[in-house]
Protein chains: 2
Amino acid sequence: MLAACHAAGVSVIAHGGLTGLVHGTDARAHEVILSLERMQRIEAVDTTQRVLVAEAGAILEQAQDAVAAAGLLLPVDIGARGSATLGGMVATNAGGNRVIRYGMMRDNLRGLEVVLADGTVLDSMNTLVKNNSGYDLKHLFIGSEGTLGIVTRVVLHLCERPAGRRVALVAVPDFAAVCTVLRQIDHAMDGRLLAFEVMWQDFYHAVTTPPALARAPLPQHYPFYVLVEASVGDDRRADPFEDTLGAALDTGIVVDAAFCKNERECAALWALRDDVAQLRRFGPLVAYDISLRLADTGHFVETVRSMIAERWPGARLWAFGHLGDGNVHLAVNVPDLDAQRRAELDALVYAPLRALRSAVSAEHGIGIEKKPWLGVSRSPAEVNVMRSLKQALDPKGVLNPGRVFDIEQRGV
Amino acid sequence: MLAACHAAGVSVIAHGGLTGLVHGTDARAHEVILSLERMQRIEAVDTTQRVLVAEAGAILEQAQDAVAAAGLLLPVDIGARGSATLGGMVATNAGGNRVIRYGMMRDNLRGLEVVLADGTVLDSMNTLVKNNSGYDLKHLFIGSEGTLGIVTRVVLHLCERPAGRRVALVAVPDFAAVCTVLRQIDHAMDGRLLAFEVMWQDFYHAVTTPPALARAPLPQHYPFYVLVEASVGDDRRADPFEDTLGAALDTGIVVDAAFCKNERECAALWALRDDVAQLRRFGPLVAYDISLRLADTGHFVETVRSMIAERWPGARLWAFGHLGDGNVHLAVNVPDLDAQRRAELDALVYAPLRALRSAVSAEHGIGIEKKPWLGVSRSPAEVNVMRSLKQALDPKGVLNPGRVFDIEQRGV
């Protein structure tokens, strides 16, 4: 298929589960859509080598279930697990809720098979942990959003399943204390911290006030709330999780805390954190997925909040995110949103990121939506190297053209 | 410097700490040696962002000390820590003893500055955990052994320091049991397993028999010995380490065990494992650094051992390695070793790896020494993509030419 399109000079857009958020898979009239939805075979779950081998169109949740049935864990987990495909997750380097412990797709991929622009099948189905035999080519294709090749099979690293988990919600008086709690709990849990999800007050208020279904486990007046999750063994003689957060409460680093007592309460707390759809009751939302240094994050959010309030009285901003990984999601509601206001809002959010050496995309990728802003996070020299790679691997520009960057504008 | 060499078409060989084992830094008469030994400044240890920023010539041990002084851990550790440089470790994707928990240099590098063949300074000094803003270019330079650019600065991810460690030596009756113990202890320690170092009987015998300094903590007649290390907290109420290995002893998966009671005993056990130099008392050694699927490893070592014994009666083979990562080191002594016998020995060890989809280099790289064998682990299509990258980034071939692969032989 790719050889034919390459020979004919026809552009090809790869489709996985279509759960992307940056319009990377939007196709135009003259482009061929290549869907991997029928390549969804789980080929092997190897419990000695601890790898999953699967076709790229396999759905994440089905792969997770197959791995769980074999007594192991496929560590990467994202909200779109019911439709996202493993190949699409590799192509976009998906992250999700447990990056702080398990990393992103890049950190969990052992090998892949990828079809190059001209139809060459590149078999790099490595199953080994360590392989310094020449360049590790798979990294070219991870996170390059289908612009350098189409992933057709994957080998994913599997982990032992933790025996159980502890989840708590803690209230924190200021952003500096958020940073302190992160280090304290990460240190105490020693490799077992699974998630550290921060909710700014406005977000917490929105997801715990009717018509939202969740009841507030803690009062709504604190500046910051953190959902902390860690794995624990069967052994309950020692409890560093409760000990550490309890000590933080004694010293005032944490000002309130609610510990989940069972799986039902854990699930309810995560449902509250994940109830982003709730924000839509205030009107249409613009969502941002950015990454900052932790030390810059508190100030950045307040700056953006006040700039937006000044520009559009009545606008609202909710902030939340995977702060353990420096990843902030902003949801913004601007009255009478139109294309011009959207462009103005984008500039307002993205432009300050340049000086902070921050990322316009933490995990969602660039696609078409963020292409105008790539230069905020990457230098002209970096974008030129990206173009050189594209030129080397897809000289006719047939793979997902116009995504991530434009090939034409050399020397930007 | 690179711009001048590029203009003049002069080859440049980058020198770090010169601790490589595959002749990657051997320079010929017409090549310029570019040493980074004076670029060794530690620029910052950021305890909030948990990163180290340093020049590429910084020595690993000095960087480790600076990080420890700030209360954090620089996780990658290798035997050559006293002279290996951070830039060289990035260029070769160094691994070491604690890959099972912390990964290799690739997994710990957040960003870098690299000078391209033509002198362009590529500033990718990212400090963020998550950054999906376009291609993640740093991966091109990690493990490519200086053939695509010269690393000049690095940003490394730092971890919380574990409160303490437990170390034990266990004896195991067969290789299948080695695999079982690995899964049991990894599961029980839940993210805290630091090392899983296997010694075959011959190796254990050699390093625990005078004139070797170490006394044997366990009798010398068992088939396999495993040094197991895990981190533990201050809390000794629960001890999954001793509980799990003790239970393995009860079921016969482990047949003998010695638990280190203090730091001195831990250090002594590691010294025994690291006393590879001891093997030189039997004559000159040829060392191999290969990576296999765990399920293939026991059989492979026995096959090589018997092939060598058949070919050269009186030859000896010692096997040991980071089995938690699938990485086996073989040390071989062949009587009257000469170039022809060396070539024959290489063929005997490497050739069977092709069918097993194994790696001729787990962590040492290819350099010049293993170049003839790259094709065992990488397909012609893969080597062609490597050549395309080399052509795109260093069209004149001035950077470390003739290392890893030859640029001339296209279409191999």
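**Close-up views of a predicted two-chain model**

**Figure 1. A:Glu160 makes a polar contact with B:Arg183, side chain to side chain, at 2.7 Å.** The model shown here and in the other views is predicted. A second polar contact, of 2.9 Å, joins the side chain of A:Glu160 to that of A:Arg50. A:Glu160 belongs to strand β9 of chain A, which covers residues 159-160. The relative accessibility of A:Glu160 is 9%, so this residue counts as buried. Leaving aside residues up to four places away in sequence, A:Glu160 touches A:Arg50, A:Leu72 and A:Leu73 in chain A, and B:Arg183, B:Asp186 and B:His187 in chain B.

**Figure 2. Aromatic rings pair in the model.** A pair of aromatic rings is described by two values, the distance of the centres and the angle of the planes. Over all chains, a search of the whole structure finds 22 aromatic pairs. One of them is formed by A:Tyr222 and A:Tyr225, with 6.1 Å from centre to centre and 65 degrees between the planes, an edge-to-face arrangement. Both A:Tyr222 and A:Tyr225 are buried. For B:Tyr350 and B:Trp373, the ring centres are 5.4 Å apart and the planes stand at 40 degrees, so this pair is tilted. The pair links distant parts of chain B: B:Tyr350 is in helix α12 (residues 339-350), while B:Trp373 is in the loop between α12 and α13 (374-377), 23 residues apart. B:Tyr350 and B:Trp373 are both buried. In chain A, ring pairs also link A:Phe175, A:Trp200 and A:Phe224 into a cluster.

**Figure 3. An arginine lies over a phenylalanine ring in chain A and in chain B.** In chain A, A:Arg316 is placed over the face of A:Phe282, 4.4 Å from the ring centre. In chain B, the charged end of B:Arg316 sits over the ring of B:Phe282, and its distance from the ring centre is 4.4 Å.

**Figure 4. An open sheet of 7 strands in chain B.** Strands of a sheet pair through backbone hydrogen bonds, either parallel or antiparallel. In this sheet the pairing is antiparallel, and the strand order is β13-β10-β12-β11-β15-β16-β14. At the edges stand β13 (256-259) and β14 (286-291) of chain B; each has a single partner strand, so one side of each is left without a neighbour in the sheet. On average, and with direction ignored, neighbouring strands of this sheet are turned by 15 degrees against each other. Within the sheet, 2 bridges join β11 (residues 193-200) of chain B to the antiparallel strand β15 (residues 316-322) of chain B. Opposite B:Val198 stands B:Gly321 in β15(B).

**Figure 5. Strands β1 and β2 of chain B run parallel.** 4 bridges join β1(B) to strand β2 (residues 32-35) of chain B. B:Ala14 has B:Leu34 in β2(B) as its bridge partner. From strand β1 (residues 12-15) of chain B, B:Val12 and B:Ala14 point one way, whereas B:Ile13 and B:His15 point the other way. B:Val12, B:Ile13, B:Ala14 and B:His15 are all buried.

Note on methods. Residues are numbered from 1 along each chain as its sequence is written. Chains are lettered from A and ligands numbered from 1 in the order in which they are written. This is a predicted model: local features need pLDDT of at least 70, side-chain atom pairs count only at pLDDT 80 or more; totals for chains, interfaces and linings use all residues. Side-chain values use heavy atoms; hydrogens and water are left out. Rings of Phe, Tyr and Trp (its six-membered ring) pair if their centres lie within 6.5 Å; planes under 30 degrees apart count as stacked, over 60 as edge-to-face and the rest as tilted. Buried means under 20% relative accessible area, exposed over 50%, partly exposed in between (1.4 Å probe, protein chains only). A charge sits over a ring if NZ of Lys or CZ of Arg is within 6 Å of the ring centre and within 35 degrees of the ring normal. A polar contact is a pair of N or O atoms within 3.5 Å; within protein, one must be able to donate a hydrogen and the other to accept it, and residues adjacent in sequence count only if both atoms are side-chain atoms. Contact means heavy atoms within 4.5 Å. Two strands pair if DSSP finds at least two bridges between them. Axes are lines fitted to C-alpha atoms, for helices over the stretch in contact, and angles run from 0 to 180 degrees between N-to-C directions.
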